[in-house]
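These are my notes from going through the model.

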Amino acid sequence: MSNKEVKAALKSARDAIRNKEYKEALKHCKAVLKQEKNNYNAWVFIGLAAAELEQPDQAKGAYKKAIELEPNQLLAWQGLANLYEKSNQTDVKGDLADVYQKLLELYESGDKQKWCDVCNKLVELYHQEKKYLEVAETWQKLIKMKQEEGAEKAELHQLWKKMIQLLKDSTQNQDNKTEQLLLTAFEHAVNSADTVPGEDHQNLYKDFIQCLSKFPHETARLEKACNDMMALYPTVSYPLEVLCLHFIQSGTLSEEALHCFSRLLEMDASSGPGIIGFGIKCLQEKKYKEAVKSLTEGLQKTSHCPAAWHYLAEAQMKIHKHRDAVLSCNQALEVLGTPAGPSLQWKNLILQLKAESLIKIADTDAAEEAIKALEQIVDASSDPVVLALRGQAYINKGLMDQASKISQELLLSYPDLAESHALEGFIHYSQKNYEQAERSFLNAIERKAETAEYHQYLGLTYWFMSDETKKDKGKALTEFLKAAKLDSYLGSVFCYLGNYYRDIAGDKSRARGCYKKAFELDGTDEESGTAAVDLSVELGDTDTALSILNEVTEKASTGTAKWAWLHRGLYYLRTGQPSQAVADLQAALRADPKDSNCWEALGEAYLSRGSYSTALKSFRKASELNPELVYSIYRAAAVEQILGKYENAIATYQQILKKTEDYVPALKGLGECYLMLARSALDNYFDRK
């Protein structure tokens, strides 16, 4: 076949393809290849015809042969691209990307429009495969090409925005290079916008700031973006809110941070981050109750901030609301999820605070939960403070051997650490080895004099050590006063100060003040509440006694606060208000239905009200619960006497006198009953009987 015949055969093949006679085209091509086996066009035409005849493997082989012959010729690459684009097989996507890359190379110096079309296709392919770095790099090449061609600012702006769209899902599994390219795209988009300020530009800025806030190491860039947006949009609170949350989460509260909090509150008094920031400021200034109030309010609006939950738990710990602190720590851990980087640091802090709160609750279940929390702290075994907490949890569980083992290790490895000596003190104190406990707590105080708990426990050690140390002003009293000065929210210390002033100093007025303070700090402390009420009554100040009791009973739910209901019921009984007394004593019995004394008092109240049958039932119930209550048995007999049931009354009086021969009220009642029986016999003409 001459050269002329080859050209004619190729023309016939081209015409056959145009006329969709693909088999005919293949015949012509094969004839050419017999003569010229390395004919580029013949292989390309075979690829085209085979593809149309749905013979993809033959088509692919033909194109690859053509490419082998002429690697820098466009036709075969274009044909291969078309073949792969039509293919349903997923494994060709990698090959297609390589083909697109080659086409970009071939178009680069020639047809710019086709270069852009292929570039778009390649980006789309990478995006489907979630290859975000390749998406970013390829799209940036497209923008560079457009810039070199002198594209308008508006067109470039749209291209940067498109790049942001393409990369917006990449922040989850971000590598540093893609992240930097995304942030660069945001910066270009923000700076190339036409209408500034404007709504689109404002939303773009918000997205930029939101994106920056996902990257913990981009703090400088985040602060700059927020400040730049605030300068452009001074009435929009969003950048300020993000900045405040950033400062809260960073854990460092600079002057700049405090300025941001107050500026945000001026702009929007109901802003969650602003209120949280104010709460943290209160915590710093030791205004713990205000801190709890503000942090709680702020977190109702902005609940997804683990650092804020931690600050709330810290404030709750300061005012000894330990159960509340545990709940706040749990919220913080829930919001945190599975942390990494700086968040891991927060997780450790939260777990430690949770364990401290649980240890202060001081029951076995809480101790078990505290140990579980401490086990989750990363590198816990190398932190002596965490080890000391674990020792305290073991004490609360009654596992003294484990606690002692930790204590010995700490004293050996960290002899200068206050917590090492304090743990030893807690162990001795719980085992009533008061002299050794004294030595340990003094050592702890020497190393950390500002810890109220150490002074409190040294005071308790002196209180139980002996009568001398209890009465010695320089011992128990001094330590309790020091603890109260260091921590004015420590209710239990004020209770012991009350005990000292009442039982040792004999100063009822001062004792009453201490009990009242203890009860204000801890509304569940019945001992302090009862003592404050009793001393108020003794001092003739029934108004104070009643105001305490009214406050407790108003808040009390059914079946609680028995002591307050009982005290107020007895007060009403003494002051001749039997109906109120009945209501309060019934409430006390709902809290403890087996209190015989309470049933006895209820009987008295019914009796004063003239409800004899219910009074009789109450006295009988009291004597059933406690057969030693002679007074209740006597009162039951007295009520039977009032009701005219003389035989029953006589039997009951005789029952009392069997046990207590000289019980005068029973003797008197018995005599009266006999007399009443005699009188009724006379009235019925049964004389001489």
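Entry 1: I looked up K20 and found it in the loop between α1 (3-18) and α2 (22-35). Helices here are DSSP runs of H or I with at least four residues, strands are runs of E with at least two, and both are numbered from the N terminus. The model is predicted, with pLDDT of at least 70 needed for local features and 80 or more for side-chain atom pairs, while totals for chains, interfaces and linings use all residues. Residues are numbered from 1 along each chain as its sequence is written, and side-chain values use heavy atoms, with hydrogens and water left out.

I noted a positive phi of about 60° at K20, which is not a glycine. Most residues other than glycine have a negative phi. K20 is exposed, at 64% relative accessible area (buried is under 20%, exposed over 50%, partly exposed in between, with a 1.4 Å probe and protein chains only).

I then checked A362, in the loop between α19 and α20 (364-375). A362 is not a glycine either, and its phi is positive at about 65°. I recorded A362 as partly exposed, with a relative accessible area of 48%.

**Entry 2: α4 and α5.** I described each pair of packed helices by the angle between the axes and the distance between them. Axes are lines fitted to C-alpha atoms, for helices over the stretch in contact, and angles run from 0 to 180 degrees between N-to-C directions. Helix α4 (residues 56-69) packs on helix α5 (residues 74-86) at about 155°, with the axes 9 Å apart. The two are therefore roughly antiparallel (over 145 degrees; under 35 is roughly parallel, 65 to 115 roughly perpendicular, the rest oblique).

I listed the contacts (heavy atoms within 4.5 Å): P56, A59, K60, Y63, K64, A66 and I67 of α4 meet A76, W77, G79, L80, L83 and Y84 of α5. By class, this contact of α4 with α5 has 10 nonpolar, 1 polar and 2 charged residues. Ala, Val, Leu, Ile, Met, Phe, Trp, Tyr, Cys and Pro count as nonpolar, Asp, Glu, Lys and Arg as charged, and the others, Gly among them, as polar.

**Entry 3: α8 and α9.** I found helix α8 (residues 132-148) and helix α9 (residues 153-167) packed at about 175°, with axes 10 Å apart. This makes α8 roughly antiparallel to α9. The contact of α8 with α9 has 12 nonpolar, 2 polar and 3 charged residues.

Entry 4: Which residues does E419 contact, leaving aside neighbours within four places in sequence? I found V385, A388, K448 and Y454. E419 is in helix α23 (residues 418-430) and is buried, at 14% relative accessible area.

S357 lies in helix α19 (residues 342-361) and is buried, at 0% relative accessibility. Not counting residues up to four places away in sequence, S357 touches M317, H322, A325 and V326.

**Entry 5: annotations.** UniProt positions follow the numbering used here, feature names are shortened, and annotations may be inferred rather than shown by experiment. I computed 79% helix and 0% strand for residues 40-73, with end C-alpha atoms 9 Å apart. For residues 596-629 I noted 82% helix, 0% strand and 8 Å between the end C-alpha atoms.

The unreviewed entry also has "coiled-coil region" at residues 3-39. That span is 81% helix and 0% strand, and its end C-alpha atoms are 11 Å apart.
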